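Please open the model in your viewer and keep the selection panel at hand. The stops below follow one another, and each begins with something to select.

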Amino acid sequence: QFLSNIMKKISTKKLIIIITGLALLAAGSLFIYKKFANRNDYSEYSDGKFDYVATKTYKMGHLDIPTPWEFRHSDKKIYKGIDISHHNKVLDFDALKNLDFIYHKATEGSTIHDTKFKTRMEKFIERRIYCGAYHFFSTTSPAEKQFENFAKVVPKDLPLIPVLDIEINKGKWSKRKLNIELDKWIKLCQKHYGVKPIIYSSSDFYINYNLKQHGCKFWSGDVNYKPKVECIIHQKKIIPVKGMAGKVDYNEASQLPLNPKAKFK
């Protein structure tokens, strides 16, 4: 009734002015957000050595991939790669030799195995493609069980070191519990494979859960955005890649995370 009485007192002309003003305010707020959100400043996790430089395109074999930025690590080479799972269909394994690296999902949680992992790894290695495995971490089962699942299917001598993918907290663990469980997985990985895994996550998840404390190299999953955290690999785009059906996760790396126990170097 109160709102009804107010509306009766406001003329149609005034109402149009108010609505127009609110629309302009919303549009202005959206413009400011897009302009300044994800701007090129650095988080507390950066040591100042990590940087990007603007570019229009990045050459990748048969493709010109439009990207708003690229790595700038003095004169280091940029390595091009993809990460895939059984959901992604391989059309031509030989075409994938144009890539510098491929990561394939091996396991998830304490029971799930990727059905394509083993056979594809064999084909990648036959073609001397630098390949590695990642585990999708679940917050619904103990870390020990999850690592046991991973170690059953992932050999110690793959060309690239393991990756621990932690993106969501489905089990709603506290920060303390999540990091305790991650620490268990990481220590088991270091003992079994001789190296700490790379942590894959978004910058926001990495910062919110303080994943820096584990001392692992970081793989940024910030697709289409500049990472807020220094990383060695960045998942930049989801695009078509020669040899694959449909679009896949395209990554750029400042270094190849080589496994010292690799089958080939």
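For the linings described on this tour, Ala, Val, Leu, Ile, Met, Phe, Trp, Tyr, Cys and Pro count as nonpolar, Asp, Glu, Lys and Arg as charged, and the others, Gly among them, as polar. This is a predicted model, in which local features need pLDDT of at least 70 and side-chain atom pairs count only at pLDDT 80 or more, while totals for chains, interfaces and linings use all residues. Residues are numbered from 1 along each chain as its sequence is written, and side-chain values use heavy atoms, with hydrogens and water left out.

Of the 265 residues, 46% are buried, where buried means under 20% relative accessible area, exposed over 50%, and partly exposed in between, with a 1.4 Å probe and protein chains only.

Next, select Ala133, Val154, Pro155, Lys156, Leu158, Leu160, Ile161, Pro162, Tyr193 and Asn259, which line the largest cavity. A cavity is a set of points on a 1 Å grid over the protein atoms alone where a 1.4 Å probe fits but cannot get out, whereas a pocket is an open set with protein on both sides within 12 Å along at least five of seven lines, and lining residues have an atom within 4 Å of a point. Grid points are joined across faces, edges and corners, and a volume is the space filled by probe spheres set on the points. The largest cavity has a volume of about 50 Å³, and its lining comprises 8 nonpolar, 1 polar and 1 charged residues.

Move on to the largest pocket, with a volume of about 220 Å³; among its 14 lining residues, Asp83, Tyr134, Phe136, Asp165 and Glu167 are the closest to its centre. At least two lining residues come from each of β6 (101–108), β8 (131–136) and β9 (163–165), and by class the lining has 5 nonpolar, 3 polar and 6 charged residues.

Now select helix α4 (residues 143–153), in which Ala143, Gln146, Phe147, Asn149 and Phe150 are buried. Looking down the axis of α4, you will find these residues within an arc of 155 degrees, so they line one face of the helix; the arc is that of the directions from the helix axis to the C-beta atoms. The buried residues of α4 pack against β6, β7 (112–113), β8 and α5.

Which loop holds histidine 214? Select the loop between α6 (203–208) and β11 (218–220) to find histidine 214, which is buried at a relative accessible area of 5%. Beyond its neighbours within four places in sequence, histidine 214 is in contact (heavy atoms within 4.5 Å) with Asn179, Leu182, Asp183, Ile186, Lys196 and Ile199.

In that loop between α6 and β11, also select asparagine 210, a residue other than glycine with a positive phi near 50 degrees; asparagine 210 is partly exposed, with a relative accessible area of 36%.

Finish at lysine 172, in the loop between β9 and α5. Lysine 172 also has a positive phi, of about 55 degrees, although it is not a glycine, and it is exposed, with a relative accessible area of 75%. Most residues other than glycine have a negative phi.

Technical notes. Helix = DSSP H or I, 4+ residues; strand = E, 2+ residues; numbered from the N terminus.
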